[in-house]
Amino acid sequence: MYSPSPSRYEHLSTAFNRCGNSGVLLPKVSLGFWHNFGADAPFERSRAITRYAFDHGVTHFDFANNYGVPAGSAEETMGRLMDEDFRPFRDELFISTKAGYGMWEGPYGEWGSRKYLVSSLDQSLRRMKIDYVDLFYSHRFDPDTPVEETLQTLVDVVRAGKALYVGISNWPLDPLQQAVSYLRDRDVPLLIYQGRLNMLNREPMDNGILSFCREQGIGFIAYSPLAQGLLTDRYLDGIPADSRMAKEHFLTSDRRTPQLLSYLKDLQQEAASNNRTIAQEALRWVLDRQGVTSVIVGASSVAQLESNLQI
Ligand SMILES: NC(=O)c1ccc[n+]([C@@H]2O[C@H](COP(=O)([O-])OP(=O)(O)OC[C@H]3O[C@@H](n4cnc5c(N)ncnc54)[C@H](OP(=O)(O)O)[C@@H]3O)[C@@H](O)[C@H]2O)c1
């Protein structure tokens, strides 16, 4: 029987941010299940990281339909964790999932049609063994589906009780602006935008999305705040065999350039002068950007998460 730490909310007033001008508080550090939680990862390690997170006030778990290897298996891990550990604490959790990228064969398995989004959300709920998600995202903008079809589907999944809030991830600014007014007019205001923001990728600052969200009272949650591990000490002395880069898939070894290593050495010095690790300095930097509600970190060990929470 899992019994979470009674002190998990002892830093409630400082460890959470309000998400835009909504009623939702999100932990400054959220946990992402993209890597390290699928069927290819040891279940007991996934369980230990997830429990550690919840024990330390990380109430927000971020999924997408296709997370894990094979795709969908991170949500299945969550389903097992719901059964074995977390069901009594469902109301303390803020669980998000997304649909947009390729999930199954044929014409209805990706992008932004009503057909795909509704089927995908139903599948996610079955895999996670929950009745509703707290937040459902469109994972990417579909240039070939009428934007109203995608947005009306977001409205309808809320009306159907399958999601409490809706979010948008990776959309360009123009359709995002359209989405904000469409959703607001239908009383399902956009809760949050999810975009990649870290010291090596400042796109949401450069393209105006971060400031637009702030002005509109919409939360912004940053994914890959550690640039998938580049902004840590992980690759300073080589490529560890158990690292994401060693798999040469989403993070390839050509990213480990002499310029990056020299940037990291400087960052390491700056971090040390603030009594922080490189990762802690990088997370602090993202959280200090005005308008950022939370960072979604990944972790392949409890020790990584433990260190990342000490910011
Ligand atoms: N909306 C989207 O399109 C989108 C895209 C990407 C991600 N996301 C979300 O954002 C989440 C986080 O993405 P991410 O995994 O790329 O985030 P990240 O936090 O930038 O990178 C996580 C990786 O960094 C390494 N790491 C973490 N803490 C460390 C530490 N203290 N010391 C050394 N290494 C450390 C680990 O690599 P090793 O595994 O090598 O140990 C870990 O897997 C995802 O799980 C997902 O929920 C969303």
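Mentor: Happy to; we will go through the sheet strand by strand, then turn to the ligand shell, some loop residues and a pair of helices.

Keep in mind from the start that this is a predicted model. Its sheet is a closed one: eight strands form a barrel in the order E3-E4-E5-E6-E7-E8-E9-E10, and the pairing is parallel. If you ignore direction, neighbouring strands of this sheet are turned by 30 degrees against each other on average.

Leucine 31 takes part in both pairings: it stands opposite valine 297 in E10, while its bridge partner in E4 is phenylalanine 61. What about the faces of E3, covered or open? Both are covered, with Val29 and Leu31 buried on one side and Ser30 and Gly32 buried on the other.

Strand E6 spans residues 133-138, and it pairs with E7 in the parallel sense over five bridges. E7, residues 163-169, is mostly covered, since six of its seven residues are buried. Helix H5, residues 147-159, lies across E6 and E7 and runs at about 155 degrees to E7.

With the barrel in place, look at the ligand. Which residues come nearest to it? Of the 29 residues around the ligand, those are Gly32, Trp34, Leu226, Gly229 and Gly298. H11 gives the most, with three residues. By class, the shell has ten nonpolar, 16 polar and three charged residues.

Trp34 deserves a stop of its own. It lies in the loop between E3 and helix H2 (43-55). Tryptophan 34 has 19 C-beta neighbours inside 10 Å and therefore counts as partly exposed; the cut-off for buried is 20 or more. Setting aside neighbours within four places in sequence, tryptophan 34 is in contact with Tyr67 and Gly298. Gly298 is also among the residues that come nearest to the ligand.

You will find valine 292 in the loop between helix H10 (278-287) and E10. Why does valine 292 count as buried? Because it has 24 C-beta neighbours inside 10 Å. Not counting residues up to four places away in sequence, valine 292 touches Phe220, Ala222, Val286 and Leu287. Cysteine 19 is 273 residues away from valine 292 in sequence, yet their C-alpha atoms are 8.8 Å apart in space.

The loops also hold some backbone details to check on your screen. Valine 69 and proline 70 are joined by a cis peptide bond, with omega about -5 degrees, and proline 70 sits in the loop between E4 and H3. Alanine 227, although not a glycine, has a positive phi of about 50 degrees. Its place is in the loop between strand E9 (219-223) and helix H9 (258-273), and with 17 C-beta neighbours inside 10 Å, alanine 227 counts as partly exposed. Lysine 129 is another non-glycine with a positive phi, here about 55 degrees, and it lies in the loop between H4 and E6. Having 15 other C-beta atoms within 10 Å, lysine 129 is partly exposed.

Finally, a look at two helices. The axes of H3 (residues 73-86) and H4 (residues 114-128) come within 6 Å and cross at roughly 45 degrees, so H3 and H4 are oblique to each other. From H3 the contact takes Glu75, Glu76, Met78, Gly79 and Met82, and from H4 it takes Ser124, Arg127 and Met128. By class, this contact of H3 with H4 has three nonpolar, two polar and three charged residues.

Notes:
Residues numbered from 1 in each chain as written. Predicted model: local features only at pLDDT ≥ 70, side-chain atom pairs only at ≥ 80, totals over all residues. Axes fitted to C-alpha atoms, helices over the stretch in contact; angles between N-to-C directions. Helix = DSSP H or I, 4+ residues; strand = E, 2+ residues; numbered from the N terminus. Parallel < 35°, antiparallel > 145°, perpendicular 65-115°, else oblique. Contact = placed C-beta atoms within 7 Å. Nonpolar A, V, L, I, M, F, W, Y, C, P; charged D, E, K, R; others polar. Near = placed C-beta within 6 Å. Buried ≥ 20, exposed ≤ 12 C-beta atoms within 10 Å, placed from the backbone. Pairing = 2+ DSSP bridges.
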